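Subject: Structure handover

Hello,

Here is the structure I said I would pass on. My notes on it follow below.

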Amino acid sequence: MTGVDPGLLDDQQLMRELETIHRTRHDTLLHGSNDALRTHNVRMAELEGEYLRRNPRRPVTPGRTRTGARERRPDAGV
């Protein structure tokens, strides 16, 4: 494990960690070593897993589901 155990973070700390790791994802993918990318993947999975564990009933936007995406009109620009 890299960093603090996500289960020990309070909700605000967890959200900050998630925001940071998502913000740095693109650069890590494009410019990081294989080890850096592997470490990033593991940490992101740990943080996202903890978020989902804490928020099993989080609101889901219909357009972010397969069904919702299929129902979007191609000309809607979304």
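Among contacts between residues at least 6 apart in sequence, 60% join residues that are at least 24 apart. Please keep in mind that this is a predicted model.

On secondary structure, the protein has three helices and zero strands, and the pattern along the sequence reads α-α-α.

On overall dimensions, the C-alpha atoms fill a box of roughly 45 × 30 × 15 Å along the principal axes. The radius of gyration is 16 Å, whereas a compact globule of 78 residues would have one near 12 Å.

Is His-40 buried or exposed? His-40 counts as buried because its relative accessibility is 9%, and the cut-off for buried is under 20%. Which residues does His-40 touch, leaving aside its neighbours within four places in sequence? The contacts of His-40 are with Ile-21, Thr-24, Arg-25 and Thr-28. With Thr-24 there is also a polar contact, made between the two side chains at 3.0 Å.

Regards

Terms used. Residues numbered from 1 in each chain as written. Predicted model: local features only at pLDDT ≥ 70, side-chain atom pairs only at ≥ 80, totals over all residues. Heavy atoms only, no water. Helix = DSSP H or I, 4+ residues; strand = E, 2+ residues; numbered from the N terminus. Rg over C-alpha atoms; globule rule 2.2 N^0.38 Å. Contact = heavy atoms within 4.5 Å. Buried < 20%, exposed > 50% of the residue type's maximum accessible area, 1.4 Å probe, protein only. Polar contact = N/O pair within 3.5 Å; in protein donor to acceptor, adjacent residues only side chain to side chain.
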